Each structure stands twice: as structure tokens, then as C-alpha cells.
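Please look through the sequence and the model below, and then read the briefing that follows.

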Amino acid sequence: MGDATKRRIRETFEAHPALAEAVIEAGALAEARAGETLFAEGGLLEAMPLVVSGRVRVFRTTADGAEITQYEVDPGEICVIAAASILSHKPYPAQAVATAPTAIWRMPRAAFRSLFDAYPAFRRFVFDQMTRRFFLVMGLVEEVAFMSVEARLAGYLLHHGPAVTATHQEIAAHLGTAREVVTRALRKMERSGIVDAGRGRVAVRDEAALHAVAGTSGPRSLCDRGH
């Protein structure tokens, strides 16, 4: 394990040095390529992942093959569905894929449960992330049920912009819709001067107009957004 990994873990648990050292002692570093599957739906997890660098996308696939992103896991965060699966002894009900070269700190199932039982600060860490993800997923349900694809696309671009590197298919998978729907919406935004879309990229040209499409207040920094 390199110094950078230890530093990231200690930063994550900086208020609790003893816990940080216990997490370091409990796990091992693993690396994944962009596009590599970390967890498949229906599998029993042998280890709990803490993302050290990169990003992990957690999503579900419908019966007709459509994908919809539930959330993304950034450095210093855990996959809360993985935590719930381990704590409840249930199969993993989603799929987790690295969207960039990613390093994760793998804590074996027994070690994770021991940390959870022994350290109140670790329990708070897990429950805080579970709570945040719960409200995020509730918001996602509301978006899918009540917002147009165009509004959801605008929110996606605001979150990932101002320069988004993704294909129309990747954006569609994130939103849980068809590629053709995303292409039509982007063309409409491009005609309105809101974005500049090319092969595998979208550049935001008018953030205020994009906020209007998304139905959100703004503008604000495109870099200052949670997942």
C-alpha cells in the first residue's frame, strides 16, 4: 500500500486516528480499469469497498435492458448498498462499475462487521452515508416520475459540466432512457445555444438557461455539486 492510499484513509477518518489505523489494518488495495465491473447484481459480497481514487457508478438494469444510475461513489465514500448487503447478509441488488481508473480499499466482510461493531465513529460514518444516499435516491424516484427527460438531462449537465465527456448512450444509461431521446434533447438545446454537442462531449454554453430547463435556481459553480 502506498503513502497516498494511507493519506486518503487518514483524511477520511481524520477526526478518529485510531479508527483510521484500524481501517488501514483491516483492508487491502485493489485497482479497477474504467468500465470494469466491481460487483454484479445478485452476488454475495466478500468485501466492503472504500473508494480511494476514481469513481464507481451504481445502477440497476430493467427487464428490457435499460439502465438507470442510482448514485456514484467518489473518493472517501463507500457503496452503501454494499454495506447494507453485508450487514443484512443479502445478495447485492445492483451493479457497480468503475467509470474511471479506480482504486478501492477492500475490507473483508468479517473485518467490516468488526469495525462496525467496535467503533461508534465508523457506524456514524456508514449511517451518515446511507442517510444521504437514501434522500438522493428518493429524489431520483421523484425525478423519474415527475420530471421530463429534458429537465433531467439539464440537471445531469449542470452536475457534470461545464465540459462533459460522455457519449449519448452513456448519458442515456445514466438517466434511464433511450439514446435517441438524449440525442433529440441535446439537439434542441444546441439549437437554442445552451450547449455545444460533439462526438463524445457536451460543453455548457449558457448555464443560466440550463438552470431554467432543469427548473433549479442558479447559476452557481458547476464544480460545487454533490452526488
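Arginine 60 counts as partly exposed, because its relative accessibility is 34%, where buried means under 20% relative accessible area, exposed over 50% and partly exposed in between, with a 1.4 Å probe and protein chains only. This is a predicted model, in which local features need pLDDT of at least 70 and side-chain atom pairs count only at pLDDT 80 or more, while totals for chains, interfaces and linings use all residues. Residues are numbered from 1 along each chain as its sequence is written, and side-chain values use heavy atoms, with hydrogens and water left out.

**Salt bridges**

- Side chains of opposite charge can pair when their charged atoms come close.
- Arginine 60 forms a salt bridge with glutamate 41, and the closest N and O atoms of the two are 3.5 Å apart; a salt bridge here is a side-chain nitrogen of Lys or Arg within 4 Å of a carboxyl oxygen of Asp or Glu.
- Arginine 60 lies in strand 4 (residues 56-61), whereas glutamate 41 lies in the loop between strand 2 (37-39) and strand 3 (47-53), so the pair ties together parts that are 19 residues apart in sequence. Helices (H or I, at least four residues) and strands (E, at least two) are DSSP runs, numbered from the N terminus.
- Glutamate 41 is also partly exposed, with a relative accessible area of 41%.
- A salt bridge also joins the side chains of glutamate 67 and arginine 57, at 3.2 Å from N to O. This pair links distant parts of the chain, since glutamate 67 is in strand 5 (residues 67-73) and arginine 57 is in strand 4, 10 residues apart.
- Glutamate 67 is partly exposed at 26% relative accessibility, whereas arginine 57 is buried, with a relative accessible area of 12%.
- Arginine 10 and glutamate 21 meet through their side chains in a salt bridge of 2.7 Å, N to O. Arginine 10 belongs to helix 1 and glutamate 21 to helix 2 (residues 17-26), so that the pair links distant parts of the chain, 11 residues apart.
- Both ends of that pair are partly exposed, with 37% relative accessibility for arginine 10 and a relative accessible area of 36% for glutamate 21.
- Arg55, Glu72 and Asp74 are linked in a network of salt bridges, and the total count of salt bridges comes to 11.

- Four strands form an open sheet in the order 2-6-4-5, with antiparallel pairing; two strands pair if DSSP finds at least two bridges between them.
- Strand 2 and strand 5 stand at the edges of this sheet and have a single partner strand each, so one side of each is left without a neighbour in the sheet.
- Strand 2 pairs with strand 6 (residues 95-98) in the antiparallel sense over two bridges, and phenylalanine 39 stands opposite alanine 96 in strand 6.
- Strand 7 (residues 102-108) is mostly covered, as five of its seven residues are buried.
- Strand 7 runs antiparallel to strand 1 (residues 28-32), to which five bridges join it, and tryptophan 105 in strand 7 is the bridge partner of leucine 29.
- Six bridges join strand 3 to strand 7, again in antiparallel fashion, and arginine 106 in strand 7 is the bridge partner of proline 49.
- Three strands form another open sheet in the order 8-10-9, and the pairing is antiparallel. Strand 8 (163-164) and strand 9 (195-198) stand at its edges, each with a single partner strand, so one side of each has no neighbour in the sheet.
- Strand 9 is joined to strand 10 (residues 201-204) by four bridges, and valine 195 stands opposite valine 204 in strand 10.

**Helices**

- Arg152, Leu153, Tyr156 and His160 in helix 6 meet Ile171, His174 and Leu175 in helix 7, where contact means heavy atoms within 4.5 Å.
- Lysine 6 lies in helix 1 (residues 3-12) and is partly exposed, with a relative accessible area of 26%.
- The C-alpha atoms of lysine 6 and alanine 18 are separated by 13 Å, although the two residues are 12 residues apart along the chain.
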